[in-house]
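Hi everyone, thanks for coming. I'd like to take a few minutes to walk you through a structure that may be new to you. Let's bring it up on the screen.

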Amino acid sequence: MRIAVDAMGTDVAPDVEIEGAVAASLSSDTEVILVGDEAQITEKLNAFPKRGAVSIVNASQAIRMNEQPVFAIRKKRDASLMVALRLVKEGRADAMVSAGNTGAVMVGARTVLGPIRGVARSAISQTLPTAKGRVVLLDLGANVDCTTRQLCEFAEMGIAYSQYALGVENPRVGLLNIGEEGEKGSQVAKEVHQALSAAPHINFIGNVEPKAMYQGNADVVVCDGFVGNIILKTSEAVAGLMAKLMREKLESSSMSKIGAVLARKSLMALKQTIDPNEYPGAPLLGINGIVIVLHGSSTPRGIENAIIGARTAFENRLNDHILENIERMRGSAATIWGRPI
């Protein structure tokens, strides 16, 4: 199993990528290919006496966070991101992980690897914590405006990821909406509700509001990229605010500091639950290859989990199952409206 890692992606590249790659290789017996400035990576990698099966492929360029995605991938053909994607395309790597420019990852993946047959649009998904476990939310920004067909495809892709990458049996699917009633929302939302309700192979529970999502009432929640991105960024902001307020209160007096020491184990467990670095990254679903996207501020632990998550997705033939689900949805849709969605 070989996972290519864009080693020049994070805010402090390549240090984070190298440490995460070494940890993943040692903990999971995975071969990791670090793609980037070979001289720089080699120097830093030599600091690890034990490094597992980590190798290096040179790339003379890197795409920065502030670069325009389409222009960057056209101009920088030897960027670490593009070289890593070509390793997957050529069969020299089984999956790819990047914490670089998200837009460039999306454009590059669609350009180099192409979409899975029958998929109209790829989608970014993310595993989020809930009161009962975790939920897969998609799309998170790849598609601002979505058609009925695209949202139904997102549901199928989310089901496959939840089942074959996260191990959830018969995932419950919800449509993010402003109310639980089937007639709520836009015309597209109503059509999606109808399509998913009529699909016998989908465990559709109906519309869900954000509160129900975080209560753990669904395993997969579908929305357009605009709404999904707002939900994600709002959740991150609220989590950051709560952590700040909690820290201030726990440091406000001698008694509260003693309480913090006594509650340290529980507080660390809470931090681990809500820390995005403890989850397997954000898979770009619908692409003809396993591609995992990470935030530029990811830690070595985040890189390690993304590598292991990519390995699990590949070993469980995630994309084969996405293709199967898409074909089943098309058959169901034809019986609803007499036309493909």
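I'll talk about the domains, then the interface, and finish with a pair of strands.

Before we start, please keep in mind that this is a predicted model.

So, how is the protein divided into domains? The domain assignment gives domain 1 as 2-119 + 286-316, and domain 2 as 123-275. If you take their centres over C-alpha atoms, domain 1 and domain 2 sit 26 Å apart.

Now let's look at where they meet. On the domain 1 side, eight residues make contact with seven residues of domain 2. Together the two domains bury about 680 Å², and 62% of that lies on carbon and sulfur atoms.

What about polar links? Across this interface there are zero salt bridges, but two residue pairs are in polar contact, both at pLDDT 80 or more. If you want to find the domain 1 side by element, look for α5 (102-112) and α12 (300-315), the elements that give two or more residues to the side touching domain 2.

Last stop: the strands. Strand β2, residues 31-36, pairs with strand β3, residues 54-58, in the parallel sense over five bridges. To get from β2 to β3, the chain passes through helix α2, residues 38-45, and this β-α-β crossover is right-handed.

Definitions and conventions: Residues numbered from 1 in each chain as written. Predicted model: local features only at pLDDT ≥ 70, side-chain atom pairs only at ≥ 80, totals over all residues. Heavy atoms only, no water. Pairing = 2+ DSSP bridges. Helix = DSSP H or I, 4+ residues; strand = E, 2+ residues; numbered from the N terminus. Right-handed = clockwise from strand over helix to strand, strands pointing away. Domains from an automatic or database assignment. Contact = heavy atoms within 4.5 Å. Buried area = accessible area lost by both parts, 1.4 Å probe. Salt bridge = Lys/Arg side-chain N within 4 Å of Asp/Glu carboxyl O. Polar contact = N/O pair within 3.5 Å; in protein donor to acceptor, adjacent residues only side chain to side chain.
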